[in-house]
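Here are my notes on the strands of this model. Please read them with the structure open.

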Amino acid sequence: MSDASELEGTTSFSIPQVPLEKELEQSYLDYSMSVIVGRALPDVRDGLKPVQRRILWTMYRMGLLPPPEKKRKSATIVGETIGKYHPHGDQAVYDALVRMAQDFTMRYPLVNGQGNFGSLDGLPPAAYRYTEAGLMPITSALLADIDKETVPFIPNFDGEEFEPTVLPTRLPNLLINGTIGIAVGMATSIPPHNLSEVIDGIIALLENPNLTVDDLMQYIKGPDFPSGGFIIGTSGVRQAYETGRGRVVLRGKAEIAHDEKEGIYIHISDLPYQVKRQDYDTKNASGFVNQVEELMRRGRFPEIARVENLSSKRGVGRRRRGGSRSKRSQRSPNVQDTGQQIESYTGTDVRIYLRSGTNPQVVLNKLYRYTKLQTSISIITMALIPVKQAALDPISGKTVEQEKLVPRILTLKQLLQHFINHRKTVIRRRSEHDLRENRKKAHILEGRLKALQDIDRLIELIRGAEDTNAAKQSLMDEFELSEIQATDVLDRPLRILTKLDREKILEELEQINEKIAYLEELLRSEEKIKEVIKEELLEVKGKYGDERRTKIIPDERARDELLYLEEETALIQERPIIIPFTNQGFIEARPLDSHSKQHRGGKGSLVTYLRENDFIKDLIVCSNLDNILVFTNTGRAYGFKAHQIPISDKKGKKTPHINQILRTSEENKVAELISIPDFDPDKDIILATKLGRVVRISLSEFHNLRQTGKKSVTLREGDNLIGAILASNEQEEIVLITKKGQVSRFTVGEIRKTRCGSQGVIGMRLRDEDEVVAISPVRENHYLLTCTKNGYGNRVDFNKIRKTRRGAKGVRLITTGSRNGPVVSSKTVKEESQVIMVTKKGKLIRITAGEVRLTNRATKGVRLIRLESEDEVRTMALIRSDFMARESAEAIQRITEAVDEQRVPSDEEEE
């Protein structure tokens, strides 16, 4: 049979033609709303997502609401939920069940779990065949009056069961437990709050609907997390309460403590909300302890010796003071805390032991800045609110009003008002249900009283009736009873139809009539409904309210705290340091005062320990608060703080590699170190290369460099960076000095200003086999001090150096040859300036520039340092004048103190 013959006799129909883009748009919108309403966002009234509501309803139907306390296998609960109400994956349902049982996730857990339901150490919950669960006592406030027609019920997915669309909660669950959800194109993130505070705020709003956000914040201070901690300031909280969006800075609880044997350590007793202590999954470790250990490995925390996690496995809410102790601490019980002892809500006890000589407050400051000990939490108060909309009834074809849920971002006042409106609806529907039931009871009792008026006639009518229906009709006619009343009388045994029973009926009827009168008055009065809401809220507060766990740092203190965190060096005492840098990449810091001044021509002292086949490549003198720019031989720039370089011991054998501080594995060698006190946007940095090119770049481009660095200059083959100086204006002058003793002088304005990555311009044309070794600024009343490889040098007045144009070959500055060797460095100095020279073998000498005789250009100069055999000068660094002034002041103070200690006291002082 052909296809045409098969279709004969069938009803014809047409397929509607719809544009593809319109169909895709509508299908996506339908899918989005399905996810939003059916999965991701909570209902503003009970604060629950559908999966949570169905789990609680299932457990309620299973009789797991205390008292008495009952538990069933989680597998049974999950199976009942997905089999009757929630046709989704079992793992999704179990995850929701676990979350409602975790006391470190929910501020007021709704499920009472038994078994492993996960931990703050990143341990996942056990499979649902191993755990058991019941409902918490507080959950009864969510389900109260659900059997009194207080909320609408709808058929389940197969029409065999009914489920509530919302719970008649007496708890403001959306605020007290919070929620997190990601839908299609929108998300919600509501932090948990304190039950007592929220109830106080609701009652205040009931009494005065005109309250502002500031008024409500007198009651609801801010979020209250199960893990405790601190909220830094209220500006983000206030913004979230006013607009529905905000950001809260949350900090864990930490204190500086001291142990007699272990020394100073940082004791952390609470971590911010949802931050794991330690993750034992080595592939995806994300816990706080893992983060600190990783930063230690990268060289970010050279001050930390080790980290220990001594946390208890007990749950949240079991407060204990000071946490558990390690075996070392138990052997040495005299642990003295430098700050106030703090209580742990989570059993957290993480101890970070510090190296000797470390400022613990600085380390704590860095922990706040670089780890999860301080985090920020976004607040998006989005929830589904009920909205009445006109819709077409498919059966009757008429337009009817239906209630739909739509997503909205809500303010704090709106959240509380929606809960109040829900409670009003629940109380009104409950009262209407109770009124119907009491009227039914009163109606039946009135029928009994009518029947008791003539018991003999009643018995006679019943005895003479042919059947039950005839007896019912006779009673209805004789005693003027309704059918319900007549049925009730016939169902009563004769023994209750006595005078004594009549008294009981009258008493009961009087009580019921009083209830009816009360309910009728309640339904007529909005104020009385509010009073009922207050009474029930206060009852819930009395049963389940508790103290706030998360402390709030006021705005005036918070500004100082956050400003203090912005600058990592806020608590570091400034001191001048020497930073030698070796050819193999090892770097260290030494206090400047560890090397006293010597006379010109001395042998110097050892500055660092050198490994085999290694030698000093460069040295700078700077403040430990300065920024250090590192330029590699490929022209890439990196940045770090000078104080990140650990102060080495006398032998210097534990010096770190530069890559540990830069946190990079780049194999390129470091060409130049430059110290920058601050990144002044009005200043430029002038980079000079070995082949005579100069690059002028705004200093601000090197501020906040990424970990991967930044391409600063494009170098030609065989070229390297040799130095850099700062310039404030185009009228300033600079000099370039070559290894053969030539010097070129020109203005900064001759160098075209470019962006990072430029090749620059020619600064000086070089003779054969010559190269630039130094760049230095020209200053009025200053001199140019030059040092050669063999330890000789001269000091020349800048007036003796003729100004040329950029790109010139320059003039002779110093005579090089077999005695002097090539030039290695040149610095702009005053008469009283001090410089440091360092040799290839690590010898250092510190001299005053005035000791070097002032000469003309092109002289051989004088000896600056006496070298050992096969040694040579590698570089020269200038000591800032403010460093020398500080050293002088400190020296005078030390002498004064020594004199005061040794002098003989006067008679008056002795008395």
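1. Terms first. Strands are DSSP runs of E with at least two residues, numbered from the N terminus. Two strands pair if DSSP finds at least two bridges between them.

2. Ground rules. This is a predicted model, where local features need pLDDT of at least 70, side-chain atom pairs count only at pLDDT 80 or more, and totals for chains, interfaces and linings use all residues. Residues are numbered from 1 along each chain as its sequence is written, and side-chain values use heavy atoms, without hydrogens and water.

3. Strand β37 spans residues 783-788. It runs antiparallel to β40 (residues 823-829), joined by six bridges. Thr788 faces Val823 of β40.

4. β37 also has β38 (residues 792-797) as an antiparallel partner, over five bridges. Here Leu784 sits opposite Val796. Three residues separate the two strands of this hairpin, and Gly791 has a positive phi near 95 degrees.

5. Now the open sheet. Its four strands come in the order β36-β32-β33-β39, with antiparallel pairing. β36 (772-777) and β39 (811-812) are the edges; each has a single partner strand, so one side of each lacks a neighbour in the sheet.

6. Within that sheet, β32 (residues 733-738) and β33 (residues 742-747) run antiparallel and share five bridges. Glu733 has Thr747 of β33 as its bridge partner.

Note on methods. Buried < 20%, exposed > 50% of the residue type's maximum accessible area, 1.4 Å probe, protein only.
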